[in-house]
Amino acid sequence: MKGSAPLMRRLLGRLNIWFSGLLAIVVWILITVVANRPALKELIDVTPQKRFTITAGTEEILRGLGARGLEEPMRIETFFVPLPNSANTEIQIRRRVQSLTIDLLDRLSEYGGEALQVRHYDVRTDIAAIRERQEELKLGQLQGSFAVVSLGQRKRVLSVPFEVADIDVPQSRAVLPGGVTPEPRLKAFVGEEAFATQIRTLLAEGAPRVYFGLNGARSSLTAAIGDSYSEFLNILGDDGFQLSQLRIDEVDSIPEDCAVLALMEPRGLTPKSQQLILTYLRRGGRVFLNTSWGQANSRVVNPTFDELFEPLGFQIGRELVCQAIPIGRDQIRGGRDARAMQLGGGQMSPHPILLPLQSAGRPVRVLDARELREGGVRLAGVRFESILRTDRRLGYLAPFGEGDEPMTNVPRDPRSLRPITVGASIEITPESGDRDGRMLVFSGVAFLNTEDLIGYNGDLALNAFNWLVDRTELVTVRGNRYQPQILDLNQEQVDSSKALLRLYVPGLMLGCVLLALYLRRSR
Amino acid sequence: MTGFWPTFKKELFSYLVNPLGYLILLLLYAFRGLEIGGQIVVASRVPFAEDQFVASYLLGNSSYLLLILVPPILTMRCFAEERRTGSLEVLMTAPVTEAGVVLGKWLAALTFFAGLWLPSVPILAILQGDGFVGGDLLTAPLFASLFGLLLVGALFLAIGCFTSSLSDNQLLASLSAIVVVLGLLFGPQIGQRGILNARVERASLEESGFVHDTLVWLTDELFDPVLAQIHVGQHLGQWFGRGLVNTGHVAFYLAGIACFLFLTVRSLESRRLA
């Protein structure tokens, strides 16, 4: 028994370690499981463009999915064709976009919780399930990679990569001077915008009809040259609006199913048409109007819509709103670039359509605006609110030149600078019924088919239309755009980088080794 | 925590004067130079995003090799050598606590380990110059990647300290640590592949019944989420390496470090009692 005491102690010591080990591992697992619960964990996105962060608007929609009491969860399913790791640029881009899409959808599912189910089908293991699901969704013979957002029987299909990414595909692969072959380029990943739009569209009940008012002076919104609204019409359609055109000079009243009457830079609106619009407003109608200046047959065209605006208690000016560009301490100048302005949060009122833009720091671009100012005899029950205006330091008015480009004369007296309203909201108590008439007027805020303007003002446009049809849950900002920064290397850069990494850095490390050896020996 | 500071200073000094550490540095950056040189040639031929380049610089094969080999090598003589020579008993009679000694040794190893990665920052700073790769490489995702590497390294060093405390044979200590490290780096990947195969098998089974339902629950509800949470390779490549810090993962590493350091202390205490 003499030797049993140390043996027992050793045994107890070993048992102690085993038991402690087991306990420690259990605690480790518990802490890991608890810390990874969606309610407790935090995702810190330190990427320069915050490409893993979704916007507050999208987050709000996703977190609110559960509270909506949906009968079934919303589903997002990807059906991607596996792509090889090839040196072909187009395949590389498609692989990258697929990877970005999966990352994005995994982020969305974290916010949506149980109300949003995300599934990535794998053709290696899920063939039967893929076939069955595609039949259920009635997808037909869709080719390539795509994602489906569905809520019950309703669904929206997104082609990947073309509807979730902005890819610049060269028209021709002919070798350019210098021996460079044009290659496709991934300009931006817009997956969040695309998926968030489809989610919102599925959540919104019904499809409000927008009538675009046309007449002899403006007979088409999609002319191939000049100011085409094609891009704008596409995004309205994607957001769940039904689109129609209305020859406003040929009807006696605005149709009953008109949810919004849109007048995009109208010209030549007759007094009768303007009365028609006013009547529509007074019975609870909703109007969106944006104005600009224009030229027809070398004459400046600046319609003022007096028959419509004056009963509503405001007027539109004839001069051009410009910004004063400082060129010194006390001096300002005009110029062609004075006609374009960027209006940020400080120039916006806390109107529902602008609040999300202010929160997200998204400015609005204005070009060739005219002043909207209160005046005239206002009808009873009309409320005018200035919602977008130039900064106190910026705005001044310059006269248009007859038949010339608009002049941008610098006012002699800088005290003539003042805030100038370029956007207004008008609400009208209806003659009958309980639905207020609403009109949003923007001067110089063009929603043209140009990347510059549509990139800035698309949110404002969609918010305006959604607010006009009382779809307030859809008033937000659209997703972040991720633009990958691509390295552009020439042979010299490649050679110098390789020399640094393969020669100089290891050489320096070797020097450190020798120095350490020397110091050790000398001690 | 008595004994922490003297232990830390002594151990760190021993790492700094040992040429082995600099040899590791030389081999790492020589290997990495070959690796990244190849990536630069690829980047000159196909579209290569800046963030992808930074991630591939820090998280290439050389980095994984460093993670697998260096922590066990740095910690193998922490306690094993001292047990073999008998100096551990002498140390334990000094007015120091086991916790102080363990923490001092671990932190010294971690400090040296962190120093191995530091040259990456000035190298990338030079590479972003006009005559080299260019672009904006010193961005927050770089530091997120370094943070991730440090956390993983700290966990592996804690594992190395524990295995070293269990044996008086350095080789055995380092091999044990390597096995555990490999398990954490690649085990979940093998597990997930197994789950994928199980799903393929499942597809051929009837879609009902106890066996099928149990397989579904085990794979989809239990193993797959757990493996994703402990998949160290995925944490580095898909999260930290891309500039996304998940506090759940940070908690995993911190808890793991605490777990293994606690076990190391317990191991030394039980030896003292024995």
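Which residues does Thr264(B) touch, not counting residues up to four places away in sequence? I started there: Thr264(B) touches Phe79(B), Val102(B), Ala158(B), Cys161(B), Phe162(B) and Ser165(B). Contact here means heavy atoms within 4.5 Å.

**Ground rules**

I noted that this is a predicted model, where local features need pLDDT of at least 70, side-chain atom pairs count only at pLDDT 80 or more, and totals for chains, interfaces and linings use all residues. Residues are numbered from 1 along each chain as its sequence is written, chains are lettered from A and ligands numbered from 1 in the order in which they are written, and side-chain values use heavy atoms, with hydrogens and water left out.

**More on Thr264(B)**

I placed Thr264(B) in helix 13 (residues 247-273) of chain B. Helices (H or I, at least four residues) and strands (E, at least two) are DSSP runs, numbered from the N terminus. Buried or exposed? Thr264(B) is buried, at a relative accessible area of 0%. The cut-offs are under 20% relative accessible area for buried, over 50% for exposed and partly exposed in between, using a 1.4 Å probe and protein chains only. I also found a polar atom of the Thr264(B) side chain 2.7 Å from the backbone oxygen of Phe260(B).

**Chain A overall**

I counted eleven helices and 24 strands in chain A. Of its 523 residues, 48% count as buried. I looked at contacts between residues at least 6 apart in sequence too, and 72% of those in chain A join residues at least 24 apart.

**Where A meets B**

I got 61 residues of chain A in contact with 69 residues of chain B. The two chains bury about 5,500 Å² between them, with 70% of that on carbon and sulfur atoms. Buried area is the accessible area (1.4 Å probe) that two parts lose on being put together, summed over both. On the chain A side, Trp28(A), Leu487(A) and Leu501(A) lose the most area to chain B, together 14% of what that side buries.

How many salt bridges does the rule find across the interface of chain A and chain B? One, and I tracked down a salt bridge between the side chains of Arg242(B) and Asp103(A), at 2.1 Å, N to O. The rule wants a side-chain nitrogen of Lys or Arg within 4 Å of a carboxyl oxygen of Asp or Glu.

Helix 1 (4-35), strand 1 (43-45), helix 3 (89-112) and helix 11 (491-522) of chain A each supply at least two residues of the side that touches chain B. Helix 11 of chain A gives the largest share, 18 residues.

Most residues other than glycine have a negative phi, and most peptide bonds are trans, so I went looking for exceptions. Val160(A) and Pro161(A) are joined by a cis peptide bond, with omega about 20°. I find Pro161(A) in the loop between strand 5 (154-159) and strand 6 (165-168) of chain A.

Glu265(A) is not a glycine, yet its phi is positive, about 45°. Glu265(A) sits in the loop between strand 10 (260-264) and helix 7 (271-282) of chain A, and counts as buried at 8% relative accessibility.

Asp470(A) has a positive phi as well, near 65°. I put Asp470(A) in the loop between helix 10 (451-468) and helix 11 of chain A; at 38% relative accessibility, Asp470(A) counts as partly exposed.

**Cysteines**

I found zero disulfides over all chains, a disulfide being a pair of cysteine sulfur atoms within 2.5 Å. Cys258(A) is buried at 6% relative accessible area, and Cys259(B) is buried at 5%.

Note on methods. Polar contact = N/O pair within 3.5 Å; in protein donor to acceptor, adjacent residues only side chain to side chain.
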